[in-house]
Amino acid sequence: MLTRKQYDLLTFIHDRLQETGVSPSFDEMKAALDLKSKSGIHRLITGLEERGYIRRLPHRARALEVVRLPENTEPDSLPIRNRRVEDIRQREIGTHGSTVRGSADSVQLPLYGRIAAGTPIEALRDEAAHVEVPAALLGRGDHYALEVDGESMIDAGILDGDTVIIERCERADEGQIVVALVDREEVTLKRFRHLGPQIGLEPANKTFQMQIYSPDQVNVQGRLVGLLRRY
């Protein structure tokens, strides 16, 4: 059974995909359902995904596929929509399942704004922004890019203005450089440490101090797998 909000969101996404072939942005979904924050949309999408109604297409911003509809929704529209998405995907997806632009050696990833390499900053996502990266930087899994803001990771070779490539994951090994969501509001790029019952987010700059949190305050959003720099 779907909740009213889940049903409304599913039909909104389905209708938009039928009209344009592109899923709506989080801002458009938030406005359509009259929600106050994007976090509510994230929860609804996760619920629909867990119930098998939608699927996220990896390595693409705003990429959702409607897998099935409730029984009381128009039955003939779904197969047509899925064929349309599949046609689009076959034109756009490259070797690693990511959107490719230019050649098979380059992959287009969503660029989710600037991430603090110092004090955590508010998590911002620009669903329309992308960055082109060498396909060789990517392995399996889902990836996205972030622009570094700050100097707390300079001793790890990560400078202000660099673009980091992140593999999406929810767990980290000791010492890995991760994107961490703190208190579900702010994101930061730090080295992950286990400190007994607590979690440490360690900078790579002697002028910055380690930030220590309880486990329920920190959610790993991904791990560093590559870096791009312009001179």
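## A salt bridge at the end of the chain

R229 is partly exposed, with a relative accessible area of 30%; the cut-offs are under 20% for buried, over 50% for exposed and partly exposed in between (1.4 Å probe, protein chains only). Its side chain meets that of D162 in a salt bridge (2.7 Å, N to O), a term for a side-chain nitrogen of Lys or Arg within 4 Å of a carboxyl oxygen of Asp or Glu. The pair links distant parts of the chain, with R229 in the segment after β12 (218-228) and D162 in the loop between β6 and β7, 67 residues apart. D162 counts as buried, at 3% relative accessibility.

## Basis of the model

This is a predicted model, in which local features need pLDDT of at least 70 and side-chain atom pairs count only at pLDDT 80 or more, while totals for chains, interfaces and linings use all residues. Residues are numbered from 1 along each chain as its sequence is written, and side-chain values use heavy atoms, with hydrogens and water left out.

## Overall composition

The protein chain contains 4 helices and 12 strands; helices (H or I, at least four residues) and strands (E, at least two) are DSSP runs, numbered from the N terminus. Of the 231 residues in the protein chain, 44% are buried. Among contacts (heavy atoms within 4.5 Å) between residues at least 6 apart in sequence, 58% join residues at least 24 apart.

The protein chain exposes about 12,600 Å², of which carbon and sulfur atoms supply 47%. Accessible areas come from the Shrake-Rupley method with a 1.4 Å probe, and for residues only the protein chains shown count as cover.

## Strands β6 and β7

Strand β6 (residues 143-149) is mostly covered, since 5 of its 7 residues are buried. It pairs with strand β7 (residues 163-167) in the antiparallel sense over 5 bridges; two strands pair if DSSP finds at least two bridges between them.

Within this pairing, T163 in β7 is the bridge partner of E147. T163 is buried, with a relative accessible area of 14%. Leaving aside neighbours within four places in sequence, the contacts of T163 include L111, A145, G226 and L228.

## Other salt bridges

The structure holds 8 salt bridges. One of them joins D142 and R168, the closest N and O atoms being 2.8 Å apart. D142 lies in the loop between β5 (130-134) and β6, and R168 in the loop between β7 and β8 (177-182), so the pair ties together parts that are 26 residues apart in sequence. D142 is partly exposed at 23% relative accessibility, and R168 is partly exposed at 32%.

R16 forms a salt bridge with E28, with 3.2 Å between the closest N and O atoms. R16 belongs to helix α1 (residues 4-20) and E28 to helix α2, 12 residues apart.

## Loop residues

L57, in the loop between β1 (54-56) and β2 (64-66), counts as buried at 6% relative accessibility. L57 and D142 are 85 residues apart in sequence and 9.0 Å apart in space, C-alpha to C-alpha.

N205 is found in the loop between β10 (198-202) and β11 (211-213) and is buried at 12% relative accessibility. A polar atom of the N205 side chain lies 2.8 Å from the backbone oxygen of E151. By contrast, D34, in the loop between α2 (26-32) and α3 (38-50), is exposed, with a relative accessible area of 68%.

Definitions and conventions: Polar contact = N/O pair within 3.5 Å; in protein donor to acceptor, adjacent residues only side chain to side chain.
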